[in-house]
Amino acid sequence: MTKVQLTLTTQEATLLKNYGSQFGYNLPKTIRFFISKASEEILKNEVPTFKMSKKTEESGLKALEEHRLGKTHEMINVDEFFDSL
């Protein structure tokens, strides 16, 4: 985790406090909210996408079909699953 120290003008702090108070947020929580929303927008534009291979696509489609047919089951405890192999 990285800590950041900010200096805000009185007007900036008041504006952010008033906005956050609508949702019951204090000033630090409001600032974290804005940073998280800005980070989401950056990720939407920055995360590259890659075309999967034909083999991977076929495997995925087969797995979806098996799931649709009820051939899969929910794995609740990963440790128990691997111990049973």
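This is a predicted model: local features need pLDDT of at least 70, side-chain atom pairs count only at pLDDT 80 or more; totals for chains, interfaces and linings use all residues.
Trainee: What is the mean pLDDT of the protein?

Mentor: pLDDT is the predictor's confidence in each residue, from 0 to 100. Here the mean is 92, and 100% of residues reach 70 or more. Confidence is lowest in helix α4 (residues 78-83), at a mean of 85, and highest in α1, at 96. Helices are DSSP runs (H or I, at least four residues), numbered from the N terminus.

Trainee: At what angle do helix α1 and helix α2 pack?

Mentor: Axes are lines fitted to C-alpha atoms, for helices over the stretch in contact, and angles run from 0 to 180 degrees between N-to-C directions. Helix α1 (residues 10-21) and helix α2 (residues 27-46) pack at about 85 degrees, with axes 9 Å apart. They are therefore roughly perpendicular (65 to 115 degrees).

Trainee: Which residues make the contact?

Mentor: Contact means heavy atoms within 4.5 Å. From α1 come Ala-13, Leu-16, Lys-17, Tyr-19 and Gly-20, and from α2 Leu-27, Thr-30, Ile-31, Phe-33 and Phe-34.

Trainee: Which residues line the largest pocket?

Mentor: On a 1 Å grid over the protein atoms alone, a pocket is an open set of points where a 1.4 Å probe fits, with protein on both sides within 12 Å along at least five of seven lines; lining residues have an atom within 4 Å of a point. Here they are Thr-2, Val-4, Gln-5, Leu-6, Leu-8, Pro-28, Ile-31, Arg-32 and Ile-35.

Terms used
Residues are numbered from 1 along each chain as its sequence is written. Side-chain values use heavy atoms; hydrogens and water are left out. Helices (H or I, at least four residues) and strands (E, at least two) are DSSP runs, numbered from the N terminus. Angles under 35 degrees count as roughly parallel, over 145 as roughly antiparallel, 65 to 115 as roughly perpendicular and the rest as oblique.
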